[in-house]
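Work through the exercises below with the sequence and the model side by side. Try each task before reading its solution.

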Amino acid sequence: MIEFTLWDIIRNLLLAARWTILLSAVAFAGGTIVGLLILFMRISKRRWVQRFAEYYIGLFQGTPLLMQLFLLFFGLPLLGLRIEPWTAAVLGLTLCASAFLAEIWRGGVQAVPVGQWDAGSSLGLHYLKQLRLIILPQAFAMTRAPTVGFLVQLIKSTALTSIIGFEELVRTSNAINNATFEPFKVYGFVALIYFALCFPLTRYAKILELRALKH
Amino acid sequence: MGYVLDFGWLGDAVSLIASGAAMTLFLIAVSAVAGIVLSVLGAAGRRSRHAWLRNAIAGYVELIRNTPFLVQLFFIFFGLPSLGIRLDPVVAAILAMTLNMTAYTTEIVGAGLDAVPKGQREAALALGLRPRLVFIKIVLPQALKVIYPALTSQIIIMMLESAVVSQIAVRELTYEADLLQARTFRAFETYFVVTLVYLAMSIGLRRLLVASGNRFLSGGVS
């Protein structure tokens with residue numbers, strides 16, 4: 001039997017946390033790109049495009065992330081795509097994040113006074129330029145706090161990818177626990193690592209929120 | 001190639017899916033009620049005169065809100081037995097869900113309490129009501145009305161998150177899905193059906209909560 005010292009446990013957990021961070025970052029970046037697309041559809045003037053985005057958001061907010069991951073993991077191979085846990089994890093979290101981010105930003109876009117759109121069109125800007133130069137900067141500025149708040153939620157959500165076999169923090173901790181039989185210590189450290197990742201962001205979101213209230 | 005979707009197994013699976021869904025609803029019902037009661041206490045404690053109580057509750061809220069539910073669940077189910085606390089999976093699931101729920105709803109209830117104008121409290125005190133009665137009869141009902149939509153959303157989020165308690169072998173909806181797909185080898189179809197069941201449950205639960213809120217909050221306040 002291999003002996004695990006406390007340092008072995010912590011070192012392996014910290015190494016695994018790199019994958020948690022990488023997955024969070026990739027999913028947040030992907031979620032931003034897809035989320036912008038969904039946002040454009042959600043605020044489109046065409047009724048059916050708007051509807052589609054509404055259903056898309058409702059679907060991801062109304063079903064468990066775990067089910068979304070399972071469907072991708074078992075569903076995509078049926079379409080003939082070879083899929084690894086990493087692919088399913090990135091894809092699942094990206095799609096889920098896009099729905100949440102689009103909904104957050106929509107709130108920001110709707111909070112921009114209509115006069116801003118009017119002013120944009122009276123300057124002769126076309127729709128996309130109005131969005132890019134006038135509406136979106138204000139919408140993003142207003143929704144900075146909830147966006148950071150969602151990033152915290154996303155980091156915590158990466159824990160679920162352990163269930164479809166992606167080797168991140170929780171999956172590694174399960175393996176270490178099975179070898180050391182010290183669940184109290186192992187899961188305690190795992191919780192601390194997540195806390196160390198999330199708490200500064202939570203704090204930052206709070207500061208942004210207070211700053212927004214002052215304006 | 002040429003995979004054909006097959007839902008032929010569904011007929012025999014309906015009762016399993018139904019019992020799993022019932023378990024999921026049971027878990028969320030118990031932890032929502034317990035969580036909301038506890039969070040009223042938590043929110044009141046967070047506004048108490050005693051600094052240690054305020055700090056303890058703030059610490060608890062931050063700890064829960066900044067760690068994944070799955071890790072909390074594993075800590076309670078696998079970690080606590082080393083302290084001599086051995087829990088049945090269902091009890092561990094309810095405990096984890098309640099603790100998680102309470103951290104979020106404490107913040108929500110607290111925001112609601114702060115939203116009630118001070119004059120309401122002062123008026124009630126001036127009428128000679130005892131402070132406890134003022135809280136229960138005057139401040140809390142008004143606060144609940146303000147935060148009801150947020151509480152509804154939180155309950156639904158928790159119900160969806162409860163899918164992970166399948167990992168400690170609680171026989172709820174996801175666990176039944178895992179068993180079914182292992183038996184039928186129809187993983188995609190099984191999870192597809194169960195995802196739709198979850199969607200229906202979250203839509204249904206939201207409607208139910210909104211309807212009962214309209215009914216009981218508008219009459220219940222005065």
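This is a predicted model: local features need pLDDT of at least 70, side-chain atom pairs count only at pLDDT 80 or more; totals for chains, interfaces and linings use all residues.

Residues are numbered from 1 along each chain as its sequence is written, while chains are lettered from A and ligands numbered from 1 in the order in which they are written.

**Exercise 1. Describe the secondary structure, extent and burial of chain B.**

Step 1. Take helices (H or I, at least four residues) and strands (E, at least two) as DSSP runs, numbered from the N terminus. Chain B then has eight helices and zero strands, and its pattern along the sequence reads α-α-α-α-α-α-α-α.

Step 2. Call a residue buried if 20 or more other C-beta atoms lie within 10 Å of its own, exposed if 12 or fewer, and partly exposed in between, with C-beta atoms placed from the backbone. Of the 222 residues in chain B, 41% are buried.

Step 3. Count two residues as in contact if their C-beta atoms, placed from the backbone, lie within 7 Å. Among the contacts in chain B with a separation of 6 or more, 77% join residues 24 or more positions apart.

**Exercise 2. Is A:Leu133 buried or exposed?**

Step 1. Locate the residue: A:Leu133 lies in helix α6 (residues 127-142) of chain A.

Step 2. Apply the count: A:Leu133 has 12 other C-beta atoms within 10 Å and is therefore exposed.

Step 3. Check a distance: 8.8 Å separates the C-alpha atoms of A:Leu133 and A:Gly120, which are 13 residues apart along the chain.

**Exercise 3. At what angle does helix α1 of chain A cross α7, and at what angle does it cross α8?**

Step 1. Angles under 35 degrees count as roughly parallel, over 145 as roughly antiparallel, 65 to 115 as roughly perpendicular and the rest as oblique.

Step 2. For α1 (residues 6-42) and α7 (residues 144-157) of chain A, the axes come within 9 Å and cross at roughly 130°, so α1(A) and α7(A) are oblique to each other. In this contact, A:Ser24, A:Ala27 and A:Phe28 of α1(A) face A:Leu151, A:Leu154 and A:Ile155 of α7(A).

Step 3. Sort residues by class: Ala, Val, Leu, Ile, Met, Phe, Trp, Tyr, Cys and Pro count as nonpolar, Asp, Glu, Lys and Arg as charged, and the others, Gly among them, as polar. The contact of α1(A) with α7(A) has five nonpolar, one polar and no charged residues.

Step 4. For α1(A) and helix α8 (residues 169-180) of chain A, the axes come within 8 Å and cross at roughly 160°, so this pair is roughly antiparallel. Residues of α1(A) in the contact include A:Ile9, A:Leu13 and A:Thr20, and those of α8(A) include A:Leu169 and A:Ile176. By class there are six nonpolar, five polar and no charged residues.

**Exercise 4. Which helices of chain B supply the side that touches chain A?**

Step 1. Count both sides: 32 residues of chain B are in contact with 30 residues of chain A.

Step 2. Assign helices: α2 (51-65), α3 (69-79), α6 (131-161) and α8 (187-220) of chain B each supply at least two residues. The largest share, ten residues, comes from α8(B).

Step 3. Sort by class: this side of chain B has 21 nonpolar, eight polar and three charged residues.

Step 4. Take one residue of α8(B), B:Phe188. B:Phe188 is buried because 21 other C-beta atoms lie within 10 Å. Leaving aside neighbours within four places in sequence, B:Phe188 is in contact with A:Leu71, A:Phe74, A:Gly75 and A:Leu78.

**Exercise 5. Which residues have the most contacts inside the largest nonpolar core?**

Step 1. Define the core as a set of buried Ala, Val, Leu, Ile, Met, Phe, Trp, Tyr and Cys residues joined through C-beta atoms within 7 Å.

Step 2. The largest such core has 109 residues, and A:Leu69, B:Val71 and B:Leu73 have the most contacts inside it. Helix α4 (residues 85-111) of chain A gives the most to this core, with 14 residues.

Step 3. List the partners of B:Val71, not counting residues up to four places away in sequence: A:Ala159, A:Val170, A:Tyr187, A:Val190, A:Ala191 and A:Tyr194.

Key
Axes are lines fitted to C-alpha atoms, for helices over the stretch in contact, and angles run from 0 to 180 degrees between N-to-C directions.
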